[in-house]
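Visitor: I would like to go through this structure with you. Could we begin with the terms and then turn to the details?

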Amino acid sequence: MAETDKDDLISILDEEENESDIPTTLPLLPVRDVVIFSDMLLPLFVGRERSVRAAEDSVSKERFIFLATQMDSGIEDPKAEEIYSVGTIGRILRMLKLPDGRVKALVQGITKAKILKYTRKKSFYKVKIELLKDEPVSGTDVEKEALMRNVQENAEKILALRGELTGDVGSILDSIEDPGKLADLVTSNLKLKIDEAQELLEMTDPVKRLKKVNDLLSREVELSAVQAKIQSEVKDEISKTQRDYFLREQVRAIHKELGEADEKTLELELYNKQIKKAKMPKAARDEAGKQLKRLEQMHPDSSEASVIRTYMDWLVEMPWSKSTHDMIDIKKAKKILDKNHYSLDMIKDRILEYLSVRKLNPKMKGPILCFVGPPGVGKTSLGQAIAKALKRKFIRISLGGIRDEAEIRGHRRTYIGAMPGRILQGLKQCGTNNPVFMMDEIDKLGNDFRGDPSSALLEALDPEQNADFSDHYLNLPFDLSKVMFILTANLTDTIPSALLDRMEVITLSGYTEEDKKVIAEKYLLPRQLKENGLSEKKLSLSDGAMEQVISEYTLESGLRNLERELGTICRKVARNVAEGDKGSFKITKNNLSKFLGVPKYLDEMDQEESQIGLSTGLAWTQVGGEVLYIETSLINGKGEIIITGQIGEVMQESARAAITFIKANYDQFGLKPGLFDKVDMHIHVPAGAIPKDGPSAGISIATSLISALTEQPVLKDVAMTGEITLRGRVLPIGGLKEKALGALRGGITKIVIPEKNKKDLAEIPDNVKRKIEFIPVSQMEDVIPVAFGKTLKKKTIKKKKK
């Protein structure tokens with residue numbers, strides 16, 4: 001490589017080249033992201049080792065080099081088949097070695113050529129080429145002239161839109177008479193895709209090539225026009241914003257000269273007054289002052305100013321120090337609770353206890369109560385009654401289906417549309433910091449990738465932590481210790497243990513038929529009469545009709561369906577009155593079916609008389625207690641045990657334990673040892689479509705089996721609940737109160753319960769105890785006399801020798 005100075009600069013005079021002087025074998029320089037045309041002058045930065053060697057070889061000889069574009073610009077070392085075969089012969093006019101080893105070369109395109117074959121591939125590519133000459137110009141001179149003029153005009157339009165059009169450029173375009181050269185010149189200045197530019201390079205018909213360029217120019221003119229329009233609109237918008245800013249500053253200066261305050265100053269003064277009025281704690285007051293200073297320095301119309309305004313509105317409107325005064329008159333509060341709710345003595349006593357302690361210690365923290373019970377027993381309405389008795393504001397939110405932690409703790413202010421959680425939203429809405437705050441459906445909280453809301457509630461519902469509850473949006477501690485939280489749930493199984501540990505659980509089991517009757521007459525019927533525009537003179541229900549509505553048209557622990565049925569009666573009477581009937585309506589047992597149709601709920605099975613192999617158990621469900629019938633039939637067989645009725649695994653194990661106990665003590669029941677190998681025992685628990693499971697059906701199944709094997713009927717009015725062991729012990733169960741209420745609805749007069757459940761009888765209402773006899777037992781042998789109404793004859797049962 002020849003060197004002309006110390007900077008390795010090689011300069012060559014720009015002179016006309018004769019195509020006959022161009023060698024047929026040249027070094028190949030693959031280029032990427034550009035297609036080089038004839039007469040095109042451009043600098044190239046050469047960094048790949050193979051390409052640097054090709055450039056050095058070119059300069060050391062005639063300075064000619066073949067420039068071809070590689071198909072994929074991402075390939076660092078392209079192979080022969082990855083390089084386009086048609087390219088441009090160029091000449092290196094100047095080349096400079098850079099300190100990092102790269103080479104900067106100024107190259108001018110001379111003419112098009114095509115690769116015939118590769119003669120060298122090792123250190124750098126060398127190719128044998130064939131010149132590609134344009135075909136003779138076809139068409140008339142007029143057509144060619146019109147096409148060239150159109151291309152020249154479109155090219156000038158694009159340059160004008162880009163702001164690059166000068167007189168010299170226009171003269172150059174007008175001076176070109178060859179359509180091929182004009183096409184190459186315009187193409188080299190268009191921002192075309194590689195495949196489009198390569199297609200133009202390979203076209204040898206100058207007129208066709210110029211037509212293609214004209215089409216591309218037309219598209220580019222449209223794009224450039226739209227681009228220029230967008231830039232103009234942006235510039236106008238910026239100018240308008242600047243103008244508005246200057247005008248506002250002038251208005252501000254004018255107001256200042258006149259001694260008047262502008263809108264921004266008035267806004268800042270208003271925030272200052274609200275901050276003082278809110279009586280915030282020090283941390284909140286400091287944060288409010290900091291945000292106010294930021295707002296003062298911002299342009300009123302900036303997006304950040306809008307975010308700060310929203311945050312300031314929340315800060316000044318939160319009830320930091322606003323509280324309502326509790327009514328500490330215990331007797332008056334008791335009257336209000338009794339007036340709004342019948343029965344529920346345990347909950348009323350708890351509220352009165354809280355008021356009593358509050359009277360003695362005004363700084364006590366608010367309790368966190370959780371009412372657990374089936375739907376319709378009055379959990380939500382009880383919370384409203386408590387707020388009324390305390391003369392506090394009442395807030396209610398439903399947590400059912402909430403899966404996002406931000407619903408509780410709020411969103412961080414970095415998010416668009418961020419806002420505090422539902423706890424602080426409720427406090428702002430009511431305007432006090434000591435309301436009765438009810439959270440419904442705490443047992444139906446969900447969780448997913450957005451977080452766990454139940455974990456977020458831990459801080460809010462912990463009396464030791466909620467004095468400094470931090471919401472993500474406010475990012476400041478807020479005192480929730482004065483809030484009286486009341487939560488409701490249908491069951492506690494789905495509530496996380498850590499959350500359940502922070503609550504005081506109070507169970508509402510349901511109402512007896514007597515309770516329902518009193519509540520319906522005192523609360524439900526008057527409310528439905530008022531809602532349907534009727535008076536007590538127009539409609540009355542007899543005691544028998546009310547009892548029939550409760551027993552035959554509803555089957556629930558709560559009162560919702562009962563009120564719904566009473567509403568149906570009222571609507572039908574209202575229609576008759578609206579149609580002109582002026583008489584009064586008295587609903588009795590005889591005409592009740594005209595208003596409500598046929599009874600909806602009848603006994604599950606015909607229990608008019610005691611039956612062999614049929615015992616009555618008791619079950620606990622989410623909607624209260626229910627009577628559960630257990631049937632056993634014996635059929636000739638080989639000792640198989642068949643269990644049907646969609647019984648769960650726990651009940652199936654109870655059935656197997658009962659069978660094993662009977663087989664082990666067969667002599668007590670006067671049974672022959674070989675009997676069990678000759679009969680199949682089929683145990684069925686209707687209804688078959690309802691899944692059943694639980695650890696309290698053992699003695700019921702055993703009694704049903706003994707009845708079938710000894711052919712002794714089980715008394716129809718006796719129900720039993722308790723688990724059995726292999727040795728005949730009766731284990732304790734849960735949900736006795738709910739099961740007792742369910743037994744009362746089913747017409748049961750005696751209930752056999754485990755001995756260890758005697759302590760739970762204290763929770764059973766007195767009117768239930770008066771109607772149902774509870775018989776505690778500790779062994780299975782104690783169940784038999786109660787279930788069968790007598791001690792089985794000696795010939796049937798043989799006592800074991802001790």
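Guide: Let us begin with exposure: buried means under 20% relative accessible area, exposed means over 50%, and partly exposed lies in between (1.4 Å probe, protein chains only). This is a predicted model, in which local features need pLDDT of at least 70 and side-chain atom pairs count only at pLDDT 80 or more, while totals for chains, interfaces and linings use all residues. Residues are numbered from 1 along each chain as its sequence is written, and side-chain values use heavy atoms, with hydrogens and water left out.

Visitor: Let us step back. How many helices and strands are there in the protein?

Guide: The protein has 25 helices and 27 strands. These are DSSP runs numbered from the N terminus, with helices being H or I over at least four residues and strands being E over at least two.

Visitor: What is the radius of gyration of the protein?

Guide: The protein has 47 Å, whereas a compact globule of 802 residues would have a value near 28 Å. The radius is taken over C-alpha atoms, and the globule rule is 2.2 Å times the number of residues to the power 0.38. Along the principal axes, the C-alpha atoms fill a box of roughly 135 × 95 × 65 Å. Of the 802 residues, 46% are buried.

Visitor: Which residue is 184 residues from K339 in sequence, and how far away is it in space?

Guide: That residue is Y523, and the distance from K339 is 9.6 Å, C-alpha to C-alpha. K339 belongs to helix α10 and counts as exposed at 61% relative accessibility. Another such pair is K229 and L161, 68 residues apart along the chain, with C-alpha atoms separated by 9.7 Å. K229 lies in helix α6 (residues 206-258) and is exposed at 55%.

Visitor: Now the second largest pocket. What is its volume?

Guide: The second largest pocket holds about 720 Å³ of space. On a 1 Å grid over the protein atoms alone, a pocket is an open set of points where a 1.4 Å probe fits, with protein on both sides within 12 Å along at least five of seven lines, and lining residues have an atom within 4 Å of a point. Grid points are joined across faces, edges and corners, and the volume is the space filled by probe spheres set on the points.

Visitor: What lines the second largest pocket?

Guide: The lining has 27 residues, and H341, V377, G378, S381 and R527 lie nearest the centre of the pocket. At least two lining residues come from each of α10 (330-340), α12 (379-390), β13 (484-489), α17 (513-531) and α19 (560-578). The largest share, five residues, belongs to α12. By type, the lining has 10 nonpolar, nine polar and eight charged residues. Here Ala, Val, Leu, Ile, Met, Phe, Trp, Tyr, Cys and Pro count as nonpolar, Asp, Glu, Lys and Arg as charged, and the others, Gly among them, as polar.

Visitor: What does the side chain of T568 contact?

Guide: The side chain of T568 makes a polar contact with the side chain of R571, at 3.2 Å. A polar contact is a pair of N or O atoms within 3.5 Å; within protein, one must be able to donate a hydrogen and the other to accept it, and residues adjacent in sequence count only if both atoms are side-chain atoms. T568 is in helix α19 and is buried at 18% relative accessibility.

Visitor: Which residue caps the N-terminal end of α4?

Guide: D178 does, with a side-chain oxygen 2.8 Å from the backbone nitrogen of G180. Helix α4 (residues 179-188) is mostly covered, as seven of its 10 residues are buried.
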